[in-house]
Amino acid sequence: MEDEIEKLLNTLTGASAVLISYANTKIEALDAQRQTLSKEIAALPAESMSPDQIERLSVHLNRWEEIDFDDRRQVANSFISQIRATGECVAIEWKI
């Protein structure tokens, strides 16, 4: 969003009134979209993990090939809230 707004602003040097009007409309729409996304991000639940949990996950991720199935399942449960699978696709809903 920020990059697109910046690009529009950079192209306005020496622009006509019609182009400036169009750019203003586009910038307003982008800004509204940015504000909506910011609100959605702020509303996301903050899943708090203790430093011990973070350390344990880090160790498991670094040793993924060596850990057993139960440890892998616990790591997956920390990052995935839901998996929906059909014959055609798999959709993963992440906690992060």
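The paragraphs below lead through the fold of this chain, from its overall layout to single residues and its surface.

The structure is a predicted model, in which local features need pLDDT of at least 70 and side-chain atom pairs count only at pLDDT 80 or more, while totals for chains, interfaces and linings use all residues. Residues are numbered from 1 along each chain as its sequence is written, and side-chain values use heavy atoms, with hydrogens and water left out.

The chain holds four helices and two strands, where helices (H or I, at least four residues) and strands (E, at least two) are DSSP runs numbered from the N terminus. Read from the N terminus on, these elements follow the order α-α-α-α-β-β. Of the 96 residues, 12% count as buried, a term that stands for under 20% relative accessible area, with exposed meaning over 50% and partly exposed in between (1.4 Å probe, protein chains only). If one takes the contacts (heavy atoms within 4.5 Å) between residues at least 6 apart in sequence, 19% of them join residues at least 24 apart.

Among the helices, α2 spans residues 17–43 and contains A23. With a relative accessibility of 1%, A23 counts as buried. A23 and L9 are separated by 14 residues in sequence, and their C-alpha atoms are 7.9 Å apart in space. Helix α3, which covers residues 51–62, includes H60; this histidine counts as buried because its relative accessibility is 12%. Leaving aside residues up to four places away in sequence, H60 touches I67, D71 and V75.

Strand β1 (residues 80–85) and strand β2 (residues 90–94) pair in the antiparallel sense over five bridges, pairing being assigned if DSSP finds at least two bridges between two strands. The two strands form a hairpin with four residues between them, and I80 has W94 in β2 as its bridge partner.

I83, V90, I92, W94 and I96 make a nonpolar surface patch of about 560 Å². Such patches consist of residues with over 30% relative accessible area and no salt bridge, with nonpolar side chains (Val, Leu, Ile, Met, Phe, Trp, Tyr) joined within 5 Å and like charges within 9 Å; a salt bridge is a side-chain nitrogen of Lys or Arg within 4 Å of a carboxyl oxygen of Asp or Glu. Strand β2 gives the most to this patch, with three residues. I92 is placed in β2 and counts as partly exposed, at 37% relative accessibility.

Key. Areas by Shrake-Rupley, 256 points an atom, 1.4 Å probe, with all protein chains shown as cover.
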